[in-house]
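Trainee: Could you take me through the reading of backbone angles and helix packing in a model?
Mentor: Let us look at the model together.

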Amino acid sequence: MINYSLNMFSESVKHSIQAMIHLANNDGQLIMVSQIAEEFDIPKYYLAKLVQILSKHHLIKSVQGRNGGIRLNKPAKKIKIIDIVHAIEGPPPENEMCIFGLDECSDFVPCPIHSDWKQMKIQLNDKIYDRNLDDLNKELMKKHKLLQSI
């Protein structure tokens with residue numbers, strides 16, 4: 001089997017997910033944007049802009065002032081990955097494009113791999129997009145424990 005990396009998410013979405021997992025891991029404590037930026041090697045002002053967007057979409061609560069910082073605006077169990085993707089990337093396009101960028105793709109106007117891709121999208125929704133931040137955080141903590149034991 002050939003191992004290709006399919007980059008499903010933009011860098012902005014990846015950084016947003018990293019920041020939100022960090023917040024989920026800190027259970028309601030206020031965290032400075034600069035601390036997250038340093039830990040994940042994300043430019044501070046770039047992350048601050050992403051935090052503004054996430055805050056505008058009510059996913060992150062920002063507290064100003066000397067003891068300020070950011071935290072999740074609701075429990076991690078109530079934040080799905082798709083919520084983060086839509087906040088950063090916007091809603092999905094009205095007309096879906098072929099995965100290869102060939103043209104519009106739908107049941108009425110299928111691309112060459114439409115039937116296969118349609119099944120994969122259902123699995124993506126179930127396995128990735130509908131997962132909540134709490135589940136993702138718990139799985140990541142298991143991974144880190146495993147890596148430490150190696």
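This is a predicted model: local features need pLDDT of at least 70, side-chain atom pairs count only at pLDDT 80 or more; totals for chains, interfaces and linings use all residues.

Trainee: Where does Asp41 lie?
Mentor: Helices (H or I, at least four residues) and strands (E, at least two) are DSSP runs, numbered from the N terminus. Asp41 lies in the loop between helix H2 (33-40) and helix H3 (44-56), and has a positive phi of about 55° although it is not a glycine.

Trainee: Is Asp41 buried or exposed?
Mentor: Buried means under 20% relative accessible area, exposed over 50%, and partly exposed in between (1.4 Å probe, protein chains only). With a relative accessible area of 69%, Asp41 is exposed.

Trainee: What is the phi of His58?
Mentor: His58, also not a glycine, has a positive phi of about 60°; His58 sits in the loop between H3 and strand S1 (60-63), and counts as exposed at 55% relative accessibility.

Trainee: Which residues of H2 and H3 meet?
Mentor: Contact means heavy atoms within 4.5 Å. Val33, Ser34, Ile36 and Ala37 in H2 meet Lys44, Leu47, Ala48 and Val51 in H3.

Methods. Residues are numbered from 1 along each chain as its sequence is written. Side-chain values use heavy atoms; hydrogens and water are left out.
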